[in-house]
Amino acid sequence: MPNLSTTYAKLNLRTPVIVASAGITGTVERLQRCEENGAGAVVTKSLFQKEVCRIAPTPRFKIVKHENTFTLYSYEQASEFDPQEYAEFIFKAKQKLSIPVIASINCYTDDAWIEYSKLMEQAGADAIELNLSCPHGVHIMSGMDVIEEMVHTTKLVKSNVKIPVIPKMTPQSTNPGSDALRLDQAGADGLVMFNRFTGLDIDIEKEAPILHGGYAGHGGPWAIMYGLRWISAVAPKVKCSISASGGAMNGEDVVKYILAGASAVQVCTTVILNGYGVINKINKYLEEYMERKGYYTIDDFKGKVCSKILDMDSVDRTHWAVAKIDKEKCTSCSKCFTVCIYDAIEKDNGKFRVNQNCDGCGLCAELCPVKAISMVKRGEV
Ligand SMILES: Cc1cc2nc3c(=O)[nH]c(=O)nc-3n(C[C@H](O)[C@H](O)[C@H](O)COP(=O)(O)O)c2cc1C
């Protein structure tokens, strides 16, 4: 039987699946639902120093559909609790839960960072997540380069509490790789890679921003490749452990993040849209995957992809592939003809066929609605 346990930011988790900070972790009852449904840990909905953020506007969610994916566009800022209420919330959560409770805070003055983080430690939090990366928080909205502030805050909070300190990184940086190394050197016990982007959607009839009228958090399943890219680059280089966050919707996504080097994976959008039961489904998928692959522990496959990522000089650039159309399956829809910039698709008795101009790019095979096109070795056509 595979063992799903993992160590993240010096915390022992029964599974790598952590429920990320959001409304779904905003009350003790919701945290209990996370635990009952198999979460390895929870990160509580952020406590903000900026009081106005404690009152959320309505409505604050919009599903923005793109062709095969979507954005959960939302403006749900902070926990409604003040610092004292929040400390009581953490205290009660610690009495009711046996999994680690990570308290998330977002401040903009040194005094508040110190005060809030000490309060969280006294209330019994197992670790503190530093949320300077909120897509509609003070730091990102002011347009500042948050890395300097994050390094400073990580050192500051580290020197004031004994529990693990975990900066949550913004994806909005010119170099998340060097940001991660700097936070590791600053003493971070763990890193969350990443919070969401700040986005804007526009109602073209009203010619105004949708929802509350400002920028909002912009994330969804499409965000996973950004996280995979940076975690795979950072994981082999840092001492601290990494929790992925961004676009993990199911078990396959969680496996991908672990293969890229994450010790834990935070889930948020999928819990909001599919319910807490999705956590157990992910755990089950992980177990099945590990059994199928012969892995006993998460460490057996953690980071396995990192050494296989090629640099640009090592990429195989031989043009070995060409497209081949199965005439039986072809419906003559002409999609391949429309997208081929090499003029390699031509009509042959009402059906399409590939000529010698084919560059092997593979786009026609990707777009063929009836899967009539395959990529084969040049010369086999
Ligand atoms: C509605 C909503 C509220 C969120 N609130 C917080 C928050 O209070 N603090 C925080 O650090 N991240 C917050 N996040 C970000 C999530 O914790 C998570 O990092 C992000 O959504 C990416 O993960 P996902 O793709 O699984 O949703 C929120 C996200 C959503 C969708």
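Figure 1. Arg292 is exposed, with a relative accessible area of 60%. In this predicted model, Arg292 sits in helix 10, which covers residues 277-293.

Figure 2. The closest N and O atoms of Glu288 and Lys284 are 3.2 Å apart, and the two residues form a salt bridge. Glu288 and Lys284 are four residues apart in helix 10, so about one helical turn separates them. Glu288 is partly exposed, with a relative accessible area of 45%.

Figure 3. Lys302 belongs to the loop between helix 10 and strand 18 (321-325). With a relative accessibility of 30%, Lys302 counts as partly exposed. Apart from neighbours within four places in sequence, Lys302 is in contact with Ile258, Leu259, Gly261, Ala262 and Ser263. The C-alpha atoms of Lys302 and Tyr257 are 8.5 Å apart in space, while the two residues are 45 residues apart in sequence.

**Figure 4. Asp253, a buried residue with no salt bridge.** Asp253 is part of helix 8, residues 251-259. Asp253 is buried, and the nearest side chain of opposite charge, that of Lys256, is 4.6 Å away. A salt bridge requires a side-chain nitrogen of Lys or Arg within 4 Å of a carboxyl oxygen of Asp or Glu. Asp253 has no salt bridge. Leaving out residues up to four places away in sequence, Asp253 touches Ile224, Gly247 and Ala248.

**Figure 5. A buried salt bridge between Glu76 and Lys45.** Glu76 and Lys45 form a salt bridge in which the closest N and O atoms are 2.9 Å apart. Glu76 lies in the loop between strand 7 (70-74) and helix 2 (83-96), and Lys45 in the loop between strand 4 (41-43) and strand 5 (47-48), so the pair ties together parts that are 31 residues apart in sequence. Both residues, Glu76 and Lys45, are buried.

**Figure 6. A salt bridge between Asp126 and Lys94.** The closest N and O atoms of the salt bridge between Asp126 and Lys94 are 2.8 Å apart. Lys94 is in helix 2, whereas Asp126 is in the loop between helix 3 (110-123) and strand 9 (127-130), so the pair ties together parts that are 32 residues apart in sequence. Lys94 is partly exposed, at a relative accessible area of 26%.

**Figure 7. Thr153, buried in helix 5.** Helix 5 takes in residues 146-158, and Thr153 is one of them. Thr153 has a relative accessibility of 0% and counts as buried. Not counting residues up to four places away in sequence, Thr153 touches Trp113, Leu130 and Leu132.

**Figure 8. Ile202 and a nonpolar surface patch.** Ile202 is located in strand 13, residues 202-203. At 47% relative accessibility, Ile202 is partly exposed. Met141, Leu200, Ile202, Ile204 and Tyr215 form a nonpolar patch on the surface, and together they have about 530 Å² of accessible area.

**Figure 9. A network of salt bridges.** Salt bridges link Lys327, Glu346, Asp348 and Arg353 in a network. The count of salt bridges comes to 12.

Technical notes: Residues numbered from 1 in each chain as written. Predicted model: local features only at pLDDT ≥ 70, side-chain atom pairs only at ≥ 80, totals over all residues. Heavy atoms only, no water. Helix = DSSP H or I, 4+ residues; strand = E, 2+ residues; numbered from the N terminus. Buried < 20%, exposed > 50% of the residue type's maximum accessible area, 1.4 Å probe, protein only. Contact = heavy atoms within 4.5 Å. Lys, Arg positive; Asp, Glu negative; His and termini not counted. Patch = residues over 30% accessible without salt bridge, like charges linked within 9 Å, V, L, I, M, F, W, Y side chains within 5 Å. Areas by Shrake-Rupley, 256 points an atom, 1.4 Å probe, with all protein chains shown as cover.
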